[in-house]
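User: I have a complex open here and want to go through it with you. Can we start with how far to trust it, then move on to the details?
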Amino acid sequence: MSGPTFMLLGDAALVVGTSLARELHADLRARPLPGVRESVPALNVLTVLFDPLHPDCNALEDALRARLAGLHPRAQGGGRTLVVPVTFGTDVGPDLAWCAAHTQRTEAEFIAALCGLTLEVAFLGFTPGFAFLTGLPQELRMPRLAAPRERVPPGSVALGGPWAGVYPRATPGGWRIVGHTAMKFFDLSQPEPVPWQPGDRVRFEALP
Amino acid sequence: MIEVLRPGLQTTVQDAGRRVRSLGIPAGGAADAGARRLANALVGNAPGAAGLEFTLSGPTLRLHADALLSVCGAPFDATLDGQPFPLWRAVTVQAGQTLAVSGTSLGARAFLAVRGGLNGQEVFGSISTDLRGAFGGQEGRALRRGDRLTWTPLPAAQPPRAFIDVDLRTTVTAPHLLHVLPTPDATPDLLDSMLGQPFTVSTQADRMGVRLTATVPAPHDPARVSVPNVPGLIQLPPDGRPILLLPDAGTHGGYPTPLVVVSADLPRLGQLRPGDRVTFQVVTLAWAHAALQAQERGLRQAEAALRLWYGR
């Protein structure tokens, strides 16, 4: 593993490049560092937002280095597993046929291949509850649409580049929609409004 | 209780916002945080108490109980039962009176604070309205005619005679000089095109972001992975029209972001109005920190003086 990189972004954020972004995020939540307001993970990146009134960027960088030195990659199997029931079919998955053809499979074979995978929540972002799911093998990685749809229906299960995801609500979107789930990923009536977090494993299950 | 007789163009409940970007949830909060803090201080509230943010054209509100109000921000025309209602100071309003806020010819937003702070739907520690997510505040939406808002009563207090000094107010007049820090995305060519010309604020200006009209040659990298956004980030989508990110911006973005507006100038982003001219000036990190500290000193002095008045 190469060492972490640190880059200031404006006067109130430090971007840490590290394969341990998710672990560092969890560590900072468990043991906050003074002056750090929040931290936001992405793929191999943790953006640390700090109080710009008391900026000691060198001290912050040192503290983050020290934290990183004590962290280890989270062992496989640490997170929870969510099973997401999905209705596949061209009426709710307008790109299903295209994706199947693109992978030279029948639709049934394509669905079986997708549901046979264990994906993982890499990070959340884009819109509340939206998760970037990793773990697609090369042959199931779908090119994004040339022109994004103006409105993707909520619950759409979609593939885009290296990612899979579920749109929690109607938004524009450029990923290939293959199905629909009734599962809610941002539901303020639930004790846990966002039901998944980085590190959780995810399986799609085809509804009959 | 406050009854909304006329909602204005876009009036929302806002406070200091939330800190759950890691769940994909935008920060939210009043777009002019300086106006929010000063309005709250004037009525003896904590700096993060919830109030009403209005945009370009304000609301007409009937008060159904005595209240202490203040309005800070762009110079909106406001009247109380037809008499001029002064901005930047605390004003006692009696039950039955009507506050009518019309338009402003400068800036875009103002913040109305009620002594005690407004109530609303709290989501992840904030009652700020997230319009796109449709949660928080008043049913996750802008106010409508007929809405009724409540606040948490505090012991009645005499309003201070003080008004907020002009130096502490967020600048609302164009042309806007925004101080920025470059990021590693800032190539010499890009800096050349972004720093050499004034931009105009387009009509696409909301709580998520402000689009500028001129185009700059934007690098395009479809394979770029989304990374977290920070307040004041300037995004450059493929069409080359820069977007200044405001509090409701998405938490992650996949476009190049060559510049970041310094923290001291963030309140000013909330005051950009369509047609305003904007220029960017690169500063050093030390300059950015010094500017913020100077601004903060002024705000804290005002807040401390008003806390003293209210005996807290």
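Analyst: One term to begin with: pLDDT is the predictor's confidence in each residue, from 0 to 100. This is a predicted model. In chain A, strand E11 (residues 171-173) has the lowest mean pLDDT among the elements, 86. Strand E2 (residues 13-17) of chain A has the highest, 98.

User: What is the mean pLDDT of chain A as a whole?
Analyst: Chain A has a mean pLDDT of 93, with 98% of its residues at 70 or more. For chain B the mean pLDDT is 96, and 100% of the residues reach 70 or more.

User: And what ipTM does the complex get?
Analyst: The predictor gives an ipTM of 0.95, along with a pTM of 0.93.

User: OK, chain A. How many helices and strands?
Analyst: Four helices and 13 strands. The C-alpha trace of chain A spans about 55 × 35 × 35 Å along its principal axes. Chain A has 208 residues, of which 53% count as buried. Among the contacts in chain A with a separation of 6 or more, 62% are between residues 24 or more positions apart.

User: Switching to aromatics. How many pairs over all chains?
Analyst: The structure holds 14 aromatic pairs. One of them is Phe132(A) with Trp163(A), an edge-to-face pair at 5.2 Å centre to centre and 75 degrees between the planes.

User: Which parts of chain A does that pair tie together?
Analyst: Phe132(A) is in strand E7 (residues 131-134) and Trp163(A) is in strand E10 (residues 163-166), so the pair ties together parts 31 residues apart in sequence. Both Phe132(A) and Trp163(A) are buried.

User: Which aromatic pair joins two chains?
Analyst: Phe186(A) and Phe135(B) form a tilted pair, 5.1 Å centre to centre with 55 degrees between the planes. Phe186(A) lies in the loop between strands E12 (176-180) and E13 (201-206) of chain A, and Phe135(B) in the loop between strands E10 (109-114) and E11 (148-149) of chain B, so this pair joins two chains.

User: Are those two buried or exposed?
Analyst: Phe186(A) is buried, and Phe135(B) is too.

User: Back to Phe132(A). Which cluster is it in?
Analyst: Ring pairs link Phe132(A) and Trp163(A) with Phe123(A), Phe126(A), Phe130(A), Tyr167(A) and Trp175(A). As for a charge over a ring, Arg176(A) lies over the face of Trp98(A), 3.8 Å from the ring centre.

User: What about disulfides, how many over all chains?
Analyst: Zero, from a search of the whole structure. Cys115(A), for one, is in no disulfide: the nearest cysteine sulfur belongs to Cys99(A) and is 13 Å away.

User: Why does Cys115(A) count as buried?
Analyst: Because its relative accessible area is 16%, and buried means under 20%. Cys57(A) also counts as buried, at 15% relative accessibility.

User: Last topic, H4 in chain B. How many residues, and what does it reach end to end?
Analyst: Helix H4 (residues 285-309) of chain B has 25 residues and reaches 36 Å from its first C-alpha to its last, close to the 36 Å expected at 1.5 Å a residue.

User: Which residues of H4(B) are buried, and what do they pack against?
Analyst: Ala288(B), His289(B), Leu292(B), Glu296(B), Gly298(B), Leu299(B), Ala302(B), Glu303(B) and Leu306(B) are buried. The buried residues of H4(B) pack against helix H1 (33-42) and strand E12 (176-182) of chain B.

User: What comes just after H4(B)?
Analyst: Gly311(B), which takes a positive phi of about 70 degrees.

Definitions and conventions. Residues numbered from 1 in each chain as written. Chains lettered and ligands numbered in written order. Predicted model: local features only at pLDDT ≥ 70, side-chain atom pairs only at ≥ 80, totals over all residues. Heavy atoms only, no water. Disulfide = S-S within 2.5 Å. Buried < 20%, exposed > 50% of the residue type's maximum accessible area, 1.4 Å probe, protein only. Phe/Tyr/Trp six-rings, centres within 6.5 Å; stacked < 30°, edge-to-face > 60°. Lys NZ or Arg CZ within 6 Å of the ring centre and 35° of its normal. Expected span 1.5 Å × (residues − 1). Contact = heavy atoms within 4.5 Å.
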